[in-house]
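Please look at the charged side chains in the model below.

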Amino acid sequence: MNEFTMDRLRENLEALKMKSTQEVLDNYLERAVAENLNIVDVLDHIWS
């Protein structure tokens, strides 16, 4: 994920008042990339 996309995602999370998700997002995305996990599944896990 490029820096522009990450910045936009962080801004959207802030606008949605999802500060706790914003705080853990980097860790989950790093894990997803390292373990070749589906990003959508990872995000679903965060928000469920």
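Predicted model: local features only at pLDDT ≥ 70, side-chain atom pairs only at ≥ 80, totals over all residues.

Residues are numbered from 1 along each chain as its sequence is written, and side-chain values use heavy atoms, with hydrogens and water left out.

The structure holds 5 salt bridges. A salt bridge here is a side-chain nitrogen of Lys or Arg within 4 Å of a carboxyl oxygen of Asp or Glu. Among the residues involved, Glu3, Asp7, Arg10 and Asp26 are joined in a network of such bridges.

Arg10 pairs with Asp7, their closest N and O atoms lying 3.6 Å apart. Both residues belong to helix H1 (residues 3-15), separated by 3 residues, about one turn of the helix. Helices are DSSP runs of H or I with at least four residues, numbered from the N terminus. Arg10 also forms a salt bridge with Glu3, at 4.0 Å from N to O.

Asp26 meets Arg10 in a further salt bridge, with an N to O distance of 2.9 Å. This pair links distant parts of the chain, 16 residues apart: Asp26 is in helix H2 (residues 19-34) and Arg10 in helix H1.

How exposed is Glu3? Its relative accessible area is 53%, so Glu3 counts as exposed; the cut-offs are under 20% for buried, over 50% for exposed, and partly exposed in between (1.4 Å probe, protein chains only). Arg10 is partly exposed at 23%, Asp7 is partly exposed at 34%, and Asp26 is partly exposed at 31%.

Methods: Helix = DSSP H or I, 4+ residues; strand = E, 2+ residues; numbered from the N terminus.
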